[in-house]
Amino acid sequence: MTTPGSCPASAAAASSAGHPPVCLADSAGESQGMLRPRLVLFGDSITEQSFRPGGWGAALADSYSRKADVVVRGYGGYNTRWALFLIHHIFPLDGLASPLATTIFFGANDAALLGRTGERQHVPVSEYKENLKKIVKHLKQDCSDSMVIVLITPPPIDEEGRERFARSLYGENARKLPERTNEMAGVYAGQCIELAKEMHIPCINIWSKMQETEGWQKLYLSDGLHLTPEGNEVVHKEVVKTLRHAGLKAEDMPYDFPHHSQIDGSCPEKAFQ
């Protein structure tokens, strides 16, 4: 009878030696048994909804299956001002190892117009940029200087789509003026892009990318703001492309445990030594 941890000399046991070990930012993750690095998605409702069927977060989890855990931290209705209250809870300076990468996807609510129904969410564009800068600095300077940080601009706005959505909810009592405009979303997107250049980090200009496709309003947006499955796929592809350019290619990342083909049926213990 073979004892655990030993094998007959003739057994063709495979090992995972061909894969480099996962490099965590510190030993805290290892002490808690965390074998996979994390990819954290931080943002508003577009991030919160990203694990729904057809969502970009769920697709990202599939792209990095067994390579990294995709953790969603999305908060519907939040702007960057309110997000600042969360960063020390979501990204603490002790405990778990820092994420391998983080996406920051805010701006749709910051860009709500003053004097309209969503003005409670409005954040002036200069403050929006400064708030993003504070979030990035916390991640880069306080948490991990090796973390890949990806900014994502707010998406475009289909104002007619928002009006149709409001009428479907409130009928004749629907607001007469849009609470968001595509022009203003573009202003906030510009500041997001500018900050990324200043801080030398990647930025996905989803505001422009979506508008490259004819009929983007109905194709990519379900209610003039939130994403359809097709819109989610655009975000997913852009995030994967950006992470790959930053050196996080899923195919080059190690499995957390050996692939089943590396396990010898007569002596499985060897593959896990």
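Predicted model: local features only at pLDDT ≥ 70, side-chain atom pairs only at ≥ 80, totals over all residues.
Hi everyone, let me start with one side chain: Tyr75 is partly exposed, with a relative accessible area of 25%. Tyr78 is partly exposed too, at 28%.

First, the overall picture. The protein has 273 residues, and 45% of them count as buried. Its secondary structure consists of eleven helices and five strands. If you take the contacts with a separation of 6 or more, 78% of them are between residues 24 or more positions apart. The accessible surface comes to about 13900 Å², with 51% of that belonging to carbon and sulfur atoms.

Now to strand β1, residues 38-43. How many of its residues are buried? Six of six, so to speak, and the strand is mostly covered. Arg38, Val40 and Phe42 point one way, while Leu39, Leu41 and Gly43 point the other way.

Which strands pair with β1? One is β2, residues 69-74, which pairs with β1 in the parallel sense over six bridges; here Gly43 stands opposite Gly74. The other is β3, residues 101-105, parallel to β1 and joined to it by five bridges. On that side, Val40 stands opposite Thr102.

Next, helix α3, residues 56-63. Its buried residues are Trp56, Gly57 and Leu60. Seen down the helix axis, they fall within an arc of 100 degrees, so they line one face of α3. These buried residues pack against β1, α2, β2, β3 and α11.

On to the rings. A search of the whole structure finds six aromatic pairs. One of them is Phe42 with Phe106, edge-to-face, at 5.0 Å centre to centre and 80 degrees between the planes. Phe42 lies in β1 and Phe106 in the loop between β3 and α6, so the pair ties together parts that are 64 residues apart in sequence. Buried or exposed? Phe42 is buried, with a relative accessible area of 0%, and Phe106 is buried as well, at 1%.

Back to our tyrosines, as promised: Tyr75 and Tyr78 form a tilted pair, 5.4 Å centre to centre with 50 degrees between the planes.

Two last items. Phe42 and Phe106 also belong to one aromatic cluster with Phe91. And the charged end of Lys67 sits over the ring of Tyr255, 4.8 Å from its centre.

Conventions. Residues numbered from 1 in each chain as written. Heavy atoms only, no water. Buried < 20%, exposed > 50% of the residue type's maximum accessible area, 1.4 Å probe, protein only. Helix = DSSP H or I, 4+ residues; strand = E, 2+ residues; numbered from the N terminus. Pairing = 2+ DSSP bridges. Arc of directions from axis to C-beta. Contact = heavy atoms within 4.5 Å. Areas by Shrake-Rupley, 256 points an atom, 1.4 Å probe, with all protein chains shown as cover. Phe/Tyr/Trp six-rings, centres within 6.5 Å; stacked < 30°, edge-to-face > 60°. Lys NZ or Arg CZ within 6 Å of the ring centre and 35° of its normal.
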